[in-house]
Amino acid sequence: MNPQNVLIVGAGGAGMMCAIEAGKRGRTTLLIDHASKLGGKILISGGGRCNFTNLGAGPANYVSKNEHFCKSALSRFPPAKFIEMVERHGIAYHEKKLGQQFCDHSAQDIVEMLRTECQWAGAELAMNTKIERIERLPESAAPLRFRVGISRGGASQSIECESLVIATGGLSIPKIGATGLGYEIATQFGLKLVERAPALDGFTFSESDAASFQALAGLSIEVVIRCRQKSFRENILFTHAGLSGPAALQASLHWYPGDQVIVDLLPEHDPFDLFLEKKRAGNRGQVKNLLGELLPARFAEKFCALHFASELPLPQVSEKALEQFCLMLKNWSFIPSGTVGYSKAEVTRGGVNTDELSSKTLEAKQVPGLHFIGEVVDVTGWLGGYNFQWAWASGWAAGQVV
């Protein structure tokens, strides 16, 4: 195969964006992926409608060992620039909530937009193509720096390139082809990794908590959830094994084994004041029934059975006991046994250590011509379009220089 200026491994959001930008600069660009379908993770995102960016995306919405690393790329390619591309292609979209931008029709619209932009830029796509080996070329081969062995349709061949971009994503959702290839390549070239973990993922309960709350599976409550001084106000969803829903997924990004998760079950109310008011007015209802006016009745009954089993009418309830129970409603805590895992996690936290990369170009400092972009890097966004924005921004940044 003919030598390429740029070879990109991984045809997801970051890889395609990089290919578009490199191609626009007149660089011969080949984008390869072992999957048969282009943009697999894009297609399943947002319930099939792709939450393609978030208007509020900024460094504060990302987790990384170096919280400043993402600033350069995000500032140079903000959400408005991707939205311009979406509008240029006539794709209808809407804001759902909290700055989240979704396609009106289908995530396929975003994949086709990026495919079209790649074609316009002259970037070639090669699907069903596997990496067999990567080696650095001697300085005498300059400007070519790498030789990549690939296999396609049972045939093996080599491609030489000047710039090699790794956009392989993380370990999340292996059923659509996620592998650890990007981390293996980083290790091969001596780059350090930050420990990886599934993130934006549901929590699993301990055995005792699972037994206590299993009957609530399918029940959703709007809460404020806190973990490691980070808090999120959204819904939790009880499952047969633990907690899911947007709030739990957000908290999981900041959670490490052994950490406590704290939930304010009534963010709109001071329940002690409400109960006292009813008590002094002579309301003779039971606490579980009165709580059922503020929370789903099924949850109120179960929570009271666990933490406030009194059947006494409200006027006979001790104010001290009531105050303690209300504190628990505002600070219900549990220690998850873990998260569901990579099979369901939306992203992988951790990855290629940003100390190894230039924040402006995403190039490995010690390996000229080798770039890492997107999820494979230790930059992980909140739920709500932030990870796609990092994919677009990091791909764009690398595309300016490869």
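**Strands, rings and charges**

I start with helix H8, residues 245-252: its buried residues are Gly245, Ala247, Ala248, Leu249, Gln250, Ala251 and Ser252. Buried here means under 20% relative accessible area, exposed means over 50%, and partly exposed is in between, with a 1.4 Å probe and protein chains only. Helices (H or I, at least four residues) and strands (E, at least two) are DSSP runs, numbered from the N terminus.

Before going on, the ground rules: this is a predicted model, where local features need pLDDT of at least 70, side-chain atom pairs count only at pLDDT 80 or more, and totals for chains, interfaces and linings use all residues. Residues are numbered from 1 along each chain as its sequence is written, and side-chain values use heavy atoms, with hydrogens and water left out.

Back to H8. Seven of its eight residues are buried, so the helix is mostly covered. What do the buried residues of H8 pack against? The partners are strand S11 (193-199), strand S12 (203-204), S13, strand S14 (230-238), strand S15 (242-244) and strand S19 (347-352). Contact means heavy atoms within 4.5 Å.

S13 covers residues 220-227 and pairs with strand S16, residues 261-264, in the antiparallel sense over three bridges. Two strands pair if DSSP finds at least two bridges between them. Isoleucine 225 has valine 263 in S16 as its bridge partner. S16 also pairs with strand S17, residues 332-334, again antiparallel and over three bridges. There, valine 261 stands opposite phenylalanine 334 in S17.

Phenylalanine 334 comes back when we turn to the rings. Over the whole structure, a search finds 23 aromatic pairs. The rule takes rings of Phe, Tyr and Trp (its six-membered ring) with centres within 6.5 Å; planes under 30 degrees apart count as stacked, over 60 as edge-to-face and the rest as tilted. Tryptophan 332 and phenylalanine 334 have ring centres 5.3 Å apart and planes at 35°, so this pair is tilted. Both tryptophan 332 and phenylalanine 334 are buried. For tryptophan 382 and tyrosine 386 the centres are 5.9 Å apart and the planes at 75°, so that pair is edge-to-face. Tryptophan 382 and tyrosine 386 are buried as well. One aromatic cluster includes Trp332 and Phe334, and among its other members are Phe203, Phe238 and Trp255.

Two arginines sit over tyrosine rings. The charged end of arginine 196 is over the ring of tyrosine 183, 4.7 Å from its centre. Arginine 349 has its charged end over the ring of tyrosine 256, 3.9 Å from the centre. The criterion is NZ of Lys or CZ of Arg within 6 Å of the ring centre and within 35 degrees of the ring normal.

Now another sheet. Three strands form an open sheet in the order S3-S6-S5, with antiparallel pairing. Why is one side of S3 and of S5 left without a neighbour in the sheet? Strand S3 (51-54) and strand S5 (93-95) stand at the edges and each has a single partner strand, so one side of each stays without a neighbour there. S3 is joined to strand S6, residues 100-103, by three bridges, and threonine 53 has glutamine 101 in S6 as its bridge partner. Helix H4, residues 79-88, lies across S3, S5 and S6 and runs at about 140° to S3. Axes are lines fitted to C-alpha atoms, for helices over the stretch in contact, and angles run from 0 to 180 degrees between N-to-C directions.

Last, the salt bridges. The count comes to 18, a salt bridge being a side-chain nitrogen of Lys or Arg within 4 Å of a carboxyl oxygen of Asp or Glu. Glutamate 135 and arginine 147 meet in one, at 3.2 Å from N to O. Glutamate 135 lies in strand S8 (residues 129-136) and arginine 147 in strand S9 (residues 146-152), so the pair ties together parts 12 residues apart in sequence. Glutamate 135 is partly exposed at 32% relative accessibility, and arginine 147 is partly exposed at 27%. Glutamate 132 forms a salt bridge with arginine 133, with the closest N and O atoms 3.9 Å apart. Glu132, Arg133, Glu135, Arg147 and Glu160 are linked in a network of salt bridges.
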